[in-house]
Structures are given as C-alpha cells and as structure tokens.
Amino acid sequence: MTLADLAAAPGPASELVLAEEAATPVERARLLEGLRGRLREMRASIDRGLVSDAKSRTGMVGWNAKTLWNAEDALRAPLLQRVQAYAMAVNEENARMGRIVAAPTAGSAGTLPGALLGVADHLGLDEDRLLGPLALAGGIGQVISQSMFIAGSTGGCQAEIGSSAAMAAAAVTEAMGGDAAASVHAAAMALMNTIGLVCDPVGGYVEVPCVSRNAFYSVHAVASAQLALAGVTSPIPPDEVVLAMASVGRLLPPELRETGEGGIADTPTGRRIALEMAR
Amino acid sequence: MSLLDVIGPVMVGPSSSHTAGACRLALLARHALGAEPRRARFTLHGSFAKTARGHGTDLALVAGTLGAFPDDPLIPRALEEAAARGLDVDFATADLGDVHPNSVRAVLEGDDERVAVTGSSLGGGLVRVFEVDGFRIDFSGSHPTLLLRHLDTPGVIARVARVIADDDVNIATLVSARRKRGGDAMMSIEIDRPLTKPARDYLQHLRYVTWLRELPEVMQGPDAAPGDVDGTPAAAGAAS
C-alpha cells in the first residue's frame, strides 16, 4: 500500500486500509471493535489528564493541560484551547507513567487524540463516525513505517510527531467528510512541514519539549485538515514527502536523535536539570 | 505492522520504544529462560544507555522480567516488586557493536537455567531479538516462537518442520545458526499459532534437540497471549 493508492481510493481512504487489514466481515468487525477500544483508552487518558496536576517524575510537567483547560479563553478560539488541552492531557499522563495509547509512539501519543477527539467534541461528532478516521490514521502510520523506523532515536522527532501529525491530519479530514485525496494530502502537508524536527528531550525525559510539542502539532494537524478540506494539495506527491523525511532522518547526527545531548537538552538549564535528576 | 500496533499499544508511559519495547524484550527473555528468574543483568547500548532512567527503561526491563506486559500498572514500582519477589537486578552500559541504537542484552538466571537474549526496540513498541546464547537468530515477538538448540546434523530442519507441519501449524519465519559444522546450533521459528502439547513434547524428545522453548507472542497483551505467562518451562529434553 502506498499513499498514492490511498489517495486514489474511490470512497473514504479508510475503506482501503480496513480492506487491507481485514479479509472477512468477522475480521473487520473485530478490528473495528479494537479501534473502538483504542478510542476509549484515548478518551480515558484525556479525562484523567485534564483534571490531574500531579507532577511528572522530574517535576518539569504535569499541570499544563489542567491549567489550559481551566483558563479563560482569551483568544475566543475554543477549538484551539480544546485540542491543545487534550493533547497535553495525554502526554502529561504519559510523563506520569500513566496509561496511554501510543499513536504511533508514546512521546507523540497526544497529537492524534488531541486533534481527532478535540474536533469531534467541538462539533459533536459521535464515536462511530471516528472509527474509520482512526483506521486511516493507522494506515498512514503503516505506510510511513515501510520507509523508516518510527522512533526519535533513528529519525528524530519528525519521525514521531511528524507521523502523528500526518496521521491526525488525515483522520480529521476524513471525519469532516474529506475525500481520500484530501485526507492523504492533509497528511502530506502535515509531514512536509515537520521535516527536520529534532529529538532533544531534556535529561532524556519525555517531558520537555514533548508535552507542549504534542499541543502544537495537534493544532498543526487541524491546520493541515483545514487546508486540505478547502482544496489545497501538496504539489510534491505524498509518497515522495515520506521518502524526504526518511532521508533527513538519516542525515541527523546522534546528538539530535533522542540521546538528550543536543538542542534544548544541551542548554545550560537543560544540562543542569539532567544532572540534578541523575543524582 | 498491524493497524492496532500503529494505534497502540495501550501502555504505561513514557516511551513506546524505551518503555513498552523494553518491557516486551525482557518478557521474551523471561520466556526464553523458561523458569522463575532469580538474577537479571541488563547491558544497555546506544540511546538505551544514554536515556534509560529518563524513560523508565530500567523499570520496564525489570517489569518484563517479572512477567508484566506493557500496560501493567506494576511497571512504575517494578524495582520494589523485584525486591519483594527475590529477583536481583543489575544494570550496565556497553557498546554492543553495529546494532540498532535501542538495544539491550538481558542475561537471566533461574535456579538452574541461564539465558542471554539480545534484541532491539525498533519504535512504536515493536521489537526484534537477534541473538540468543551467542547464536544469531531472529524473531519479533509478534508470533508464538520456538527456540531450539540442536546438533548440526543432516535433516534436523526437515524433521522439525515435519513435526510442525503435521500439527497443522504454518511457519512464518525460520532462522538457523550454528557455531561450527557438526557443532551446536540453534533455530528460531515463528509460527502462526502455538503448537499442541503432543507436538511440542515430540519435538523436545527428538534425539538431536537439546533445548526447546516456546515463547508466546507478546504484542497483543496477556489476554491474547498463548502459552504460560508464568513461564512453565518447555523444559530441556536432553539428548538421550
């Protein structure tokens, strides 16, 4: 399966993904129930994360989702507030060693539920309407994983958050009624604008910048969906965008691939926090 | 990679590669030992060596050794649980050579058994074991897996494959490695469903098979996992 195959699907792109994975009606029903279970686990992690202000192991994060969720909506942008709060809720649960759904990884777990459930709740979409989009998100992840390892240690953060944003962009587009081509181009545009992002967690902890990054890239995914739904496409074919990201991943030095030795991790304060935590 | 592997696993944070993957690698090592582990020594390589503590890799490895799956709430308190259950754990770092940056060697010892399992966490919770007791084999934990030590002699692979075929089980992958011609050898065989007990018993009593383990698949979680999570050993049928 390629992104070109997905984009050319006659109906929703998720139908092709489901057909690839489930050969019989029984398998399809089982798969959809599996996806429903994942969606409910995502929901549960958001619900816990929005009300908790328990600090993470390092104390660097843990209260941001709750703070945003309860803050005055100064910009009168309730969708933005919701999407970002949901995304951070998941990743703060993750940083507390709580229970989350990796999508595709734990460090990027907040982006997809933030964008998809954030939009769904904003507009009142019901759960059944989200199962196809969730399958499509998984299908986008499957295609990316054919070209590269989805891990910050091999491809940098672009491999994780770029994948999650691409998956989320496609899912939101399909949930909003976008056709297969629009959904896949939403993914491509999200990916194209994540290329080069490095994995530089302070002290090696999946906290800074990971928690706020999920907030930002859930918005990025929604922005991609907005462009795609309006008919904007990626002039570079989506499969070529994936190969470009994989090639940039190979060019990244080890310091910028989840070793905690470059970027934000290598600031004076980042180094000090790492030393304090190592004691 | 299945859809539910991409949208998943459901897991205790904070990292699919450094927590969930590490847990699965240790769980596979536990099953390769096939007995209750008493000592566990983990040698961490690359990114695992650099950021293990930050990602709870240490906790996840110990939890997996105790039989936990990646969604087990035991993971954050794995060290206390190990102490309570009489498991000694020890961590070291080393360069394991030209391998994936998230790699670990787990040496587990039970009362009478010892096994060394080396593998990598590939991202998103996917894993690959590429060495057991010095033999270069290959399996992913996404299927039930047979590990056999045997004598390198003509017809062993055909004989073993025949037993598996007669049990109506399909082989997904088979990798064979030997120390030297006619010497000690090992096979890893990923199969589409667990062997029946008679077939497994038959295999371990084959004359040239000196050691057999059947590892459950570890990708789906305990409910879907065939085999015994508590590690009832498919014990060594020593050559008679």
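User: How is a buried residue defined here, and how many of the residues of strand β6 of chain B are buried?

Analyst: Buried means under 20% relative accessible area, exposed over 50%, partly exposed in between, with a 1.4 Å probe and protein chains only. In β6(B), residues 126-132, six of the seven residues are buried. This is a predicted model: local features need pLDDT of at least 70, side-chain atom pairs count only at pLDDT 80 or more, and totals for chains, interfaces and linings use all residues. Residues are numbered from 1 along each chain as its sequence is written, chains are lettered from A and ligands numbered from 1 in the order written, and side-chain values use heavy atoms, without hydrogens and water.

User: In what sense do β5(B) and β6(B) pair?

Analyst: Strands of a sheet pair through backbone hydrogen bonds, either parallel or antiparallel. Pairing requires at least two DSSP bridges. β5(B), residues 114-123, and β6(B) pair in the antiparallel sense over six bridges. Val117(B) has Val132(B) as its bridge partner.

User: How do helices α9(A) and α10(A) cross?

Analyst: Their axes come within 7 Å and cross at roughly 150°. Angles over 145 degrees count as roughly antiparallel, so α9(A) and α10(A) are roughly antiparallel to each other.

Notes. Axes are lines fitted to C-alpha atoms, for helices over the stretch in contact, and angles run from 0 to 180 degrees between N-to-C directions. Helices (H or I, at least four residues) and strands (E, at least two) are DSSP runs, numbered from the N terminus. Angles under 35 degrees count as roughly parallel, over 145 as roughly antiparallel, 65 to 115 as roughly perpendicular and the rest as oblique.
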